[in-house]
Amino acid sequence: MGCFFSKKSKRKSPEKDERAATTAASAEAPTAGSAGSPGNNTSTEEHEPPKQYSWDKREKVDPKDYMLSGLKDATVGRLPGKLNGQQFVIQDCENCNIYVFDHAATITIDDCVNCRIFLGPIKGSVFFRDCKDIKCVVACQQFRTRDCKKMEVFLCCATQPIIESSTGMKFGCFQYYYPELAFHFKDAGLSIFNNNWSNIHDFTPVSGENNWSLLPEATAVLDSIPNPDPESEFKSVRIFADPGRSIVPLTKGGRRKASEESCLFVFFAGEYTTANARKLIDEVTGKGFVLIQTKEVSMRPEDVKRVFQNSAEDLVEWITKGAVIALELNGDGVVDACKNIANEVFSGTKVFVSDNKNTSSRDVDNFFNFADMQMGL
């Protein structure tokens, strides 16, 4: 295979050699009026700047800016705008409080012990390896642990979380807020409504043992991952970790439902779809009902017919406007309550609400089974 620069150049003529030597000498000589050049009134010949390539213009990256390594008893991390979607590495840290208030491409955490960690939205995967006594808040596309012990994870994960050769793992629903978090979710390509935090897959189960469990519902994030020290560099970040302020809706997940009655409530794409879904959650939970699960997914006409069946004809045109947001709400009397809210609060919005409690469970199963298949769970 030939080399791009291996072509033999033509030998220059004596005239060209002399002209090149003169040009080089002129470039090295002082300009008119400078010391050592009396009587020289000719200006130096201007030369074109060397050609620049895209990789020449690329900002120089210091790997240390994207790594935390070998720290002990420290409060460290990154402020908003410092990562901007780059990869990040945390390794060999002990008894540290770590806060990454930015979105990232991927994050790996290796050989860390007794640390409290917050990780902003991650477009790809977060991978904990050989870690012990970790408490963390994580939002990501993929979550995985290997050879880890005793972790508490408040999780938002778009796909099914996976643990491998790990024990003492406890999971809860993501609950967190800071002003830039909604933008970071968007930059990472994550939906706040696609959260499989409780649907854990144990890749290496042990007969007769359970390597993971769900945290008690009353568990507070700040009891596990405290706010940064007021004297730290993160003191300016306004943080809220209560469910009412969390950017991700608090869902019951795989915990046992309190009632046999559930309702499917679906918002079709529009200018205020996300805001409407959040308003519905506030309205329904304010009446004592429980949010079980949520999904945001695109649908095709054939999907609408399969999922909504008798109501499909009126809904097909609405799925062309974008993804739908669906919520499962639970509690005795929830179907009638949701129908009333739809009429009173969302009368001008295109929605689907289960018609009666006898068919509502089928509505829920049809939609969320379809959504799980679409997302490859």
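Modeller: Rings of Phe, Tyr and Trp, the last by its six-membered ring, count as a pair if their centres lie within 6.5 Å; planes under 30 degrees apart make the pair stacked, and planes over 60 degrees apart make it edge-to-face. The model is a predicted one, and by that rule it holds 19 aromatic pairs. One of them joins Y99 and F101, with 5.8 Å from centre to centre and 15 degrees between the planes, and is stacked. Both Y99 and F101 are buried. Another pair is that of F143 and F171, whose ring centres are 6.0 Å apart and whose planes meet at 85 degrees, so this pair is edge-to-face. F143 belongs to strand β7 and F171 to strand β10 (residues 167-173), so that the pair links distant parts of the chain, 28 residues apart. F143 and F171 are buried as well.

Ring pairs also build a cluster, made of Y99, F101, F118, Y176, Y178 and F234. Two rings have a charge over them: R129 lies over the face of F127, 5.2 Å from the ring centre, and the charged end of K321 sits over the ring of W318, 5.4 Å from its centre.

Helix α8 spans residues 334-344, and its buried residues are V334, V335, A337, C338, I341 and A342. They lie on the same side of α8 because they cover an arc of only 160 degrees around the axis. The face turned away from that buried side carries the exposed residues D336, N343 and E344. The buried residues of α8 pack against β13 (262-267), α5 (273-286), β15 (324-330), β16 (351-353) and α9 (357-374).

As for cysteines, the count of disulfides is 0. For C136, the nearest cysteine sulfur is that of C131, 9.1 Å away; C136 is buried, with a relative accessible area of 0%. The sulfur of C156 is 7.2 Å from the closest cysteine sulfur, in C173, which is too far for a bond. C156 counts as buried at 2% relative accessibility.

Terms used
Residues numbered from 1 in each chain as written. Predicted model: local features only at pLDDT ≥ 70, side-chain atom pairs only at ≥ 80, totals over all residues. Heavy atoms only, no water. Buried < 20%, exposed > 50% of the residue type's maximum accessible area, 1.4 Å probe, protein only. Helix = DSSP H or I, 4+ residues; strand = E, 2+ residues; numbered from the N terminus. Arc of directions from axis to C-beta. Contact = heavy atoms within 4.5 Å. Disulfide = S-S within 2.5 Å. Lys NZ or Arg CZ within 6 Å of the ring centre and 35° of its normal.
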